[in-house]
Amino acid sequence: MVRLECVPNISEGRRRDVIDACVEAASTRGVRVLDVSSDPDHNRTVLTLLGAGGDLVRAVTALAGAAIERIDVAGHSGVHPFLGALDVAPFVPLEAQQMPAAVDAALRAADELAALGLPVFLYGEAASNAGRAALADHRRGGLARLGERMASGEWPPDRGLSRPHTTGGVVCIGARKPLVAFNLLLDTDQLVAAKRIASALRESGGGLPGVRALGFFLESRQHAQVSVNLTDCDRTSLLDVVRRADELAAAAGVRVVETELVGLAPRRVLPEGGAAALRLRELSDRQTLESHL
C-alpha cells in the first residue's frame, strides 16, 4: 500500500467551531490528521493528512463538503490569496517514485469535488498541460477575475462548471514534491518593507532557487511578515532563506526577529542548531514529517 501526504488548505483561520468541524470531516477511516495549523490574519488553516490514495480522496471530499457548507467565500477576508472554501489540496509522495500515485489520487479527487459542484483547477504534476502547472497562474487576479476568465473561456476549469460555486468558490487540486511553508516576522509594521524583501527573495524576482514569497501585514500582531514557500530544499536550504532575508532586511533598515514553520517539514531540511539557527519561535520533533511515520 502506497501512503501519501495531503496538505489541504481551507479559507478559515478564526472560527474554531468551523475549523473543528472541517478537521472532523477529514478524519475519515484510514486517514491520520498529523497537524492542524491556523492563522487568524491569513484566515487560513493548513491540515496535514496521511493515508492511502483512496482514503485521502474520501477525506478531501468530506472536507470539501464541510467547507462549502460552513464557509462563504463572498464574505471571506484575510491577507493570504484564496480562491475557495477548500482552497488547495496537494497530494504529496513520501518518496519520489510515488509521484504517479499522487497524480492518480489528485485526478480522482478532482472528479469527486466536481461532483459536489466545485470547479476544479489542476496544478503541479497533475496539471493538464505545462502552461497550467503553476498555482499562481490559477490565482492571478483573485476569485472575481478568475470567474471572468472562466466565463469567457480564457481559463476554463479542468473539471466542473465554468462558474464559481456559490459559497465554495473554486478549488485547486495538485500533485507536487514536498515543500516547506516558513514565515519570517519583521520588527516593523511597514508592509512595503515586507513586500520588497519578498520580491527579492523569490526565484521569479531573481532571488533564491525554489523560493516563492509574499509580504503581508499582520493586524493581530502589528508586524509585517514575509511568508515563504520553499519548493526545492535540495537547491536552497532554510538557512539560505534566513541569511538572505537578514541581508535584505538590513538593507531596508529592519530586522527579522523570529521565524515559524507552518505545518510539518522533512527532518532533513532543519539545520544543526535547529530552532536557534533559524530563529524559530518554537520547534519540536513533532513538527517533522518523519516523527509521524
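This is a predicted model: local features need pLDDT of at least 70, side-chain atom pairs count only at pLDDT 80 or more; totals for chains, interfaces and linings use all residues.
**Entry 1. Terms and model**

I count two strands as paired if DSSP finds at least two bridges between them. I take helices (H or I, at least four residues) and strands (E, at least two) as DSSP runs, numbered from the N terminus. I number residues from 1 along each chain as its sequence is written, and side-chain values use heavy atoms, with hydrogens and water left out.

**Entry 2**

I began with strand E1 (residues 3-6), which pairs in the antiparallel sense with strand E5 (residues 86-93) over three bridges. Here I found Cys6 with Phe91 of E5 as its bridge partner. E1 also pairs with strand E4 (residues 44-52), again antiparallel, over four bridges. In that pairing Glu5 has Leu50 of E4 as its partner.

I then followed E4 to strand E3 (residues 32-39); these two are antiparallel and share seven bridges. Asp39 is bridged to Arg44 in E4. E3 and E4 make a hairpin with four residues between them, and I noted a positive phi of about 50° at Asn43 in the turn.

I looked up charged pairs next. A salt bridge is a side-chain nitrogen of Lys or Arg within 4 Å of a carboxyl oxygen of Asp or Glu. The structure holds 20 of these salt bridges. One of them joins Arg16 to Asp20, whose closest N and O atoms are 3.2 Å apart. Because Arg16 and Asp20 are four residues apart in helix H1 (residues 16-26), they are separated by about one helical turn.

**Entry 2. H1 against H2**

For packing I use axes fitted as lines to C-alpha atoms, for helices over the stretch in contact, with angles from 0 to 180 degrees between N-to-C directions. H1 and H2 pack at about 155°, and their axes are 7 Å apart. H1 is therefore roughly antiparallel to H2 (angles under 35 degrees count as roughly parallel, over 145 as roughly antiparallel, 65 to 115 as roughly perpendicular and the rest as oblique). Contact means heavy atoms within 4.5 Å. I list Val18, Ala21, Cys22, Ala25 and Ala26 of H1 in contact with Ala59, Ala62, Leu63, Ala66, Ala67 and Arg70 of H2. By class, I find 10 nonpolar residues, no polar ones and one charged residue in the contact of H1 with H2.

**Entry 3. H2 against H3**

Helix H2 (residues 53-70) and helix H3 (residues 99-115) have axes that come within 9 Å and cross at roughly 30°. On the H2 side I record Gly53, Gly54, Val57, Val60, Thr61 and Ala64, which meet Ala105, Arg108, Ala109, Glu112 and Leu113 in H3. The contact of H2 with H3 has six nonpolar, three polar and two charged residues.

**Entry 4. The sheet E9-E10-E8-E11**

I turned to an open sheet of four strands in the order E9-E10-E8-E11, paired antiparallel. Strand E9 (211-218) and strand E11 (256-262) are its edges, each with a single partner strand, so one side of each has no neighbour in the sheet. On average, neighbouring strands are turned by 20° against each other, direction ignored.

Strand E8 (residues 180-186) runs antiparallel to E11 and is joined to E11 by six bridges. Leu186 has Val256 of E11 as its bridge partner. H6 packs on this sheet and touches E8, E9 and strand E10 (223-230), its direction making about 175° with that of E9. H7 lies across E8, E9, E10 and E11 and runs at about 25° to E8.

E9 and E10 pair antiparallel over eight bridges, and Arg212 stands opposite Asn229 in E10. These two strands form a hairpin with four residues between them, where Gln222 in the turn has a positive phi of about 55°.

**Entry 5. H6 against H7**

Last, I examined helix H6 (residues 191-201) and helix H7 (residues 238-251), which pack at about 135° with axes 10 Å apart. That angle makes H6 oblique to H7. The contact brings Ile197, Ala200 and Leu201 of H6 to Val241, Arg244, Ala245, Leu248 and Ala249 of H7.

Note on methods: Ala, Val, Leu, Ile, Met, Phe, Trp, Tyr, Cys and Pro count as nonpolar, Asp, Glu, Lys and Arg as charged, and the others, Gly among them, as polar.
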